[in-house]
Amino acid sequence: MDNQGWIRWVANALQLVGYFMLINDGFFTGLLVKAVSDALILVWAGYNKLYDVIFVAAIFSALNFDKILKLVTN
């Protein structure tokens, strides 16, 4: 059975890129990259029925999207 492990690898790589951008003057772009990564983590966790991961990733995703929304509306 395929657990869609490639999604996890792509999401983790994007997390690293997003964090790098956040701390190196690419705050908005870093948040967007992390938002995509969070969405991929949610998909991967859904395939694997890892509900604790879904819960934690959803919290971080909501925080990231809230900050993106605040940046866009100001």
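Predicted model: local features only at pLDDT ≥ 70, side-chain atom pairs only at ≥ 80, totals over all residues.
Helix α1 runs over residues 5–23. It holds 19 residues. At 1.5 Å a residue, α1 should span 27 Å. The C-alpha atoms at its ends are 28 Å apart, which agrees with that expectation.

Buried positions in α1 are G5, I7, A11, Q15, G18 and L22. These residues cover an arc of only 140° around the axis, so they lie on the same side of α1. An α-helix has 3.6 residues a turn, so residues three or four places apart point the same way. On the other side of α1, W6, W9, L16 and F20 are exposed. The cover over the buried residues of α1 includes helix α2, residues 27–47. Just after α1 comes D25, which takes a positive phi of about 65°.

Residue I54 belongs to another helix, α3, which spans residues 51–73. Is I54 buried, exposed or partly exposed? Its relative accessible area is 24%. Buried means under 20%, and exposed means over 50%. I54 is therefore partly exposed. Neighbours within four places in sequence were set aside to list its other contacts. On that basis, I54 is in contact with L42, A45 and G46. A C-alpha separation was also computed for I54 and W44. These two residues are ten residues apart along the chain, and their C-alpha atoms are separated by 9.0 Å.

Note on methods
Residues numbered from 1 in each chain as written. Heavy atoms only, no water. Helix = DSSP H or I, 4+ residues; strand = E, 2+ residues; numbered from the N terminus. Buried < 20%, exposed > 50% of the residue type's maximum accessible area, 1.4 Å probe, protein only. Contact = heavy atoms within 4.5 Å. Expected span 1.5 Å × (residues − 1). Arc of directions from axis to C-beta.
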